[in-house]
Amino acid sequence: LPVRFSSQPKALKDLPMAADHPSTRNLPLDPAASAILFIDVQNFSVRRDGGEFKDVSDADIEGKYGYYFKRIHEVAIPNMQRLLAGFRKAGIEMLHTTIESLTKDGRDRSLDYKITGFNVPKGSWDGKVIDELAPLEDEIVLPKSSSSVFVSTHVDYILRNLGVRQIVLCGLLTDQCVESAVRDACDLNYLVTLVPDACGTYSQERHDFSINAIKGYCRQISTDDLLKEIGQ
């Protein structure tokens with residue numbers, strides 16, 4: 001069999017050995033070794049007539065979920081749109097994940113989703129990324145059937161094939177699927193950047209608690225500062 005050799009330049013994206021690890025999480029993005037992942041920004045969980053909310057009363061939409069809809073439509077999604085445009089312009093890899101089963105009846109989804117009652121059928125409108133963040137033809141979209149994208153998709157394999165060492169995360173919900181992705185990405189040896197003002201959940205208290213709880217796992221930076229960092 002042929003013996004394969006490869007050079008080992010001391011760039012972030014090419015540091016395979018344990019001894020060559022960074023000493024801090026607070027490193028600016030290397031565009032050639034970076035990607036951004038938008039988590040669960042889909043019709044199911046964003047639209048009033050999406051599967052998560054279609055049977056919820058108008059009173060509860062205004063009351064129980066009033067903060068959530070205000071947050072995502074006035075803060076999180078506009079900031080994600082800015083990130084989408086800026087990262088595309090900078091030529092940084094773009095990925096999206098959505099809650100979507102691999103089957104119509106959801107028999108493949110996690111036990112947690114079965115108990116919760118979440119089933120976004122394969123190929124359904126609920127499983128589509130919202131129009132405001134619509135993926136381009138060559139951008140990667142991964143359906144997932146668990147809270148963490150790293151559990152029910154092959155995103156880790158994809159990121160490694162792309163040469164990604166630094167991953168930017170944003171989306172919904174801050175304290176559920178986003179937080180799960182932060183923790184798993186960190187344990188899989190990615191440098192994680194979280195954009196808190198491009199995330200949202202059901203209350204400010206839940207958002208703030210999550211952001212504080214995962215400070216030790218990721219760099220946290222605003223949309224404005226991250227766009228400046230990549231020259232946008």
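**Exercise 1. Decide whether Asn 189 is buried or exposed in this predicted model.**

Solution. Start with the number: the relative accessible area of Asn 189 is 57%. Next, recall the cut-off: exposed means over 50%. Asn 189 is therefore exposed. Now place Asn 189 in the chain: it sits in the loop between H7 and strand E5 (191-200). Finally, look at its backbone: Asn 189 is not a glycine, yet its phi is positive, at about 80 degrees.

**Exercise 2. Find where Asp 40 lies, and work out whether it is buried or exposed.**

Solution. First, the location: Asp 40 belongs to the loop between strand E1 (34-39) and H1. Second, the backbone: its phi is near 60 degrees, which is a positive value in a residue other than glycine. Third, the accessibility: Asp 40 has 2%, and buried means under 20%. So Asp 40 counts as buried.

**Exercise 3. Classify the ring pair of Phe 44 and Phe 118.**

Solution. Begin with the distance: the ring centres are 5.2 Å apart, and rings pair if their centres lie within 6.5 Å. Then take the angle: the planes stand at 85 degrees, and over 60 counts as edge-to-face. The pair is therefore edge-to-face. Now follow the chain: Phe 44 is in helix H1 (residues 43-46), while Phe 118 is in the loop between helix H4 (111-116) and strand E3 (140-144).

**Exercise 4. How many aromatic pairs does the structure hold, and which residues form one aromatic cluster?**

Solution. The count of aromatic pairs is 9. For the cluster, pick out Phe 53, Tyr 65, Tyr 68, Phe 69 and Tyr 202.

**Exercise 5. Look at the peptide bond from Leu 172 to Leu 173: is it cis or trans?**

Solution. Read omega first: it is near -15 degrees, and the bond is cis. Then locate Leu 173: you will find it in the loop between strand E4 (166-172) and helix H7 (174-187).

Conventions. Residues numbered from 1 in each chain as written. Predicted model: local features only at pLDDT ≥ 70, side-chain atom pairs only at ≥ 80, totals over all residues. Heavy atoms only, no water. Phe/Tyr/Trp six-rings, centres within 6.5 Å; stacked < 30°, edge-to-face > 60°. Helix = DSSP H or I, 4+ residues; strand = E, 2+ residues; numbered from the N terminus. Buried < 20%, exposed > 50% of the residue type's maximum accessible area, 1.4 Å probe, protein only.
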